[in-house]
Amino acid sequence: MSTITLSAGGAAVKPRKANKKKAQPFPYILLLPTLIILVVMVGYPVVSLIITSFQHYGREQVFGAPATFAGLENYQTVLTDPSFWMMLLRSFLFMIAAVVATMLLGTLLALLMMRLNKGFRLLVTVGLLLAWAMPALASVAVWGWLFDTSYGIINYLLTQITGSDWTGHSWLANPISFFLVLGLVIVWQGAPFVAFTLYAGLTQIPGEVLEASQMDGATPVRRFFLIMMPYVRSIFTVLIVLSIIWDIRVFAQVVALQSIGGIAEQTSTFGVWVFMKGTAGGNYGVSAAAALIMVVVMLVISFYYVRQTLREDNN
Amino acid sequence: MSTTAVAPVKKNSVSGRKRTSNILYSIVGVIVFFFSAFPVYWMISSSFMSNNKIRAATPTWFPGPGDFTLENYRTAIFDDHRAQFLPALWNSIQVTFLTLIICLVVAFLASVAVGRYFFKGRKAFIVAILIIQMIPGEAMMITYFRMMDGVHLTENVVGLMLIYLASVLPFTIWTLRGFVTSVPAELEESAMVDGCSRGKAFWKVTFPLLAPGLVSTGVFAFIQAWNEFNMALIMMTLPQNMTLPVWLRTYLLAEHGITDWGGLMAGSTLVAIPVVIFFMIVQGRMTGGLTAGAVKG
């Protein structure tokens with residue numbers, strides 16, 4: 001949830017044009033603390049990451065041995081590693097499934113909230129809020145408990161419903177069902193955010209517009225795509241881009257589920273893979289190269305979003 | 001029949017259909033509530049049951065007074081063969097509030113610069129702020145660790161806080177900037193015409209109008225720092241230095257293949273309560289702030 005960037009506040013007021021001719025030092029003084037923090041805490045690490053990615057950098061270097069230049073060797077290692085491509089495929093497939101599910105469910109929930117009367121809407125809001133507010137680690141713990149091999153309620157219910165014995169079925173040991181559980185956690189927490197934001201956007205559509213379309217006999221589906229969608233398109237795009245970014249970056253939930261009982265090699269996503277190469281493998285050069293590839297992938301994905309935001313700032 | 005129906009009948013059938021669909025929507029609403037809230041209910045109810053009860057062949061859907069025990073909470077808080085809860089709570093509080101306060105002060109200054117002044121490099125700064133947000137923190141973990149290790153700030157609240165600061169600052173500046181530009185500069189100018197100094201005009205007129213913005217952006221910094229797990233996991237490894245999410249993970253790691261679900265659920269409840277309460281209080285404000293101005297009528 002850390003990287004949401006929608007323009008807050010009402011209609012943007014143009015920043016005061018420099019009405020005095022000479023440059024003012026004041027805005028720079030205001031920016032100084034930020035600049036120091038960003039240069040030290042973002043600039044320096046990024047530069048050091050780039051340098052490391054071109055070096056042979058292992059455990060010895062951590063303890064002070066000089067690192068030697070490696071050229072593009074680390075990038076070659078990453079790009080020729082079959083497990084990298086498997087991981088990339090896995091991350092993208094999971095991301096696509098999770099984003100589609102989150103957006104679909106979130107949109108349906110927002111539309112449902114539009115239709116409900118006050119009391120039931122409050123009920124739904126409270127329920128979604130509970131899911132949304134749960135810290136990632138706590139929600140993994142709860143879902144891990146629901147899907148527990150021996151005492152989990154899911155296995156109990158499946159046994160009751162299907163008649164066959166599910167007791168002892170391990171959901172996390174199989175990569176496919178591991179990602180199913182992971183997806184449930186992600187969608188359970190992600191859909192409420194989409195629903196709330198979209199609902200807030202939908203309520204700003206003038207009532208007359210919706211009523212008029214209803215009078216004209218437009219079907220609900222047409223009403224959604226032709227009347228509502230144009231109003232909330234910018235929110236919708238931003239929500240999709242944010243979901244893509246969050247779901248491809250999913251880290252804490254994967255690590256937590258793996259500690260309950262997943263097989264790390266077959267369930268690692270992008271961030272986890274980078275992390276494993278570095279800490280577990282002790283190969284920081286390769287890890288840095290993979291990390292930079294990840295940065296580039298993220299920048300490509302968010303390019304449209306950044307451009308859109310900048311355009312809005314100019315208007 | 002319906003093709004020849006006269007107006008009043010038609011009206012009736014329409015409102016009748018509307019009532020049925022309203023009931024249907026309400027039922028769907030209840031189902032949604034059930035599915036979204038059930039895991040939370042299950043977490044809390046399991047946290048108050050003994051591990052024997054939890055592991056019974058048939059689950060206890062509604063624990064009665066006889067099933068109630070505080071044993072799990074006693075274990076989670078006072079058990080001393082694991083990382084301790086209270087130090088973890090204290091670490092989390094420290095790192096969260098340090099991040100929150102410093103972030104808000106620094107971001108506030110920067111957002112005034114970007115939102116109120118037009119200066120050389122403003123555009124470049126905005127682009128940098130946006131792009132920095134796209135750099136995944138997971139990619140930087142190892143670099144951060146080595147950097148902090150170099151200045152002896154691993155296992156240190158300040159070191160962790162600096163990393164959180166870097167991750168929440170760009171977002172906070174961006175959001176606050178929106179709030180700053182939404183307060184018309186004319187308000188300030190008219191106060192200056194009335195004899196206020198510029199600083200005083202800003203303080204007395206503009207700043208109070210920015211308070212809601214500070215609250216809603218502060219929420220994100222709070223939640224980010226309180227819930228963050230990745231960096232804390234590698235930065236705070238000693239039991240006495242763990243933050244709450246890292247402490248909670250020690251429960252996820254099964255001992256001899258047996259997970260202490262009761263203790264884990266009690267711990268999860270303890271970690272979740274402050275955030276859930278916080279969310280409940282500020283929810284309207286947050287989504288409101290997010291979408292204001294994003295809809296163009």
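Of the 315 residues of chain A, 42% count as buried. This is a predicted model, in which local features need pLDDT of at least 70 and side-chain atom pairs count only at pLDDT 80 or more, while totals for chains, interfaces and linings use all residues. Residues are numbered from 1 along each chain as its sequence is written, with chains lettered from A and ligands numbered from 1 in the order in which they are written.

Q: Where does A:Met228 lie, and which residues does it touch?
A: Its place is helix α10 (residues 220-248) of chain A; helices are DSSP runs of H or I with at least four residues, strands are E runs of at least two, and both are numbered from the N terminus. Leaving out residues up to four places away in sequence, A:Met228 touches A:Leu202, A:Ile205 and A:Arg223. Here contact means that C-beta atoms, placed from the backbone, lie within 7 Å.

Q: What makes a set of residues the largest nonpolar core, and which members touch the most others?
A: Such a core is a set of buried Ala, Val, Leu, Ile, Met, Phe, Trp, Tyr and Cys residues joined through C-beta atoms within 7 Å. The largest one has 163 residues, and A:Ala195, B:Leu160 and B:Leu165 touch the most other members. Helix α8 (residues 175-202) of chain A gives the largest share of this core, 17 residues. Beyond its neighbours within four places in sequence, A:Ala195 is in contact with A:Gly106, A:Leu109, A:Ala110, A:Met113 and A:Leu128.

Q: How many residues of chain B are in contact with chain A, and what kinds are they?
A: There are 98 residues of chain B in contact with 95 residues of chain A. Helix α12 (residues 261-291) of chain B supplies the largest share of chain B's side, 16 residues. That side divides into 68 nonpolar, 24 polar and 6 charged residues, where Ala, Val, Leu, Ile, Met, Phe, Trp, Tyr, Cys and Pro count as nonpolar, Asp, Glu, Lys and Arg as charged, and the others, Gly among them, as polar.

Methods:
Contact = placed C-beta atoms within 7 Å. Buried ≥ 20, exposed ≤ 12 C-beta atoms within 10 Å, placed from the backbone.
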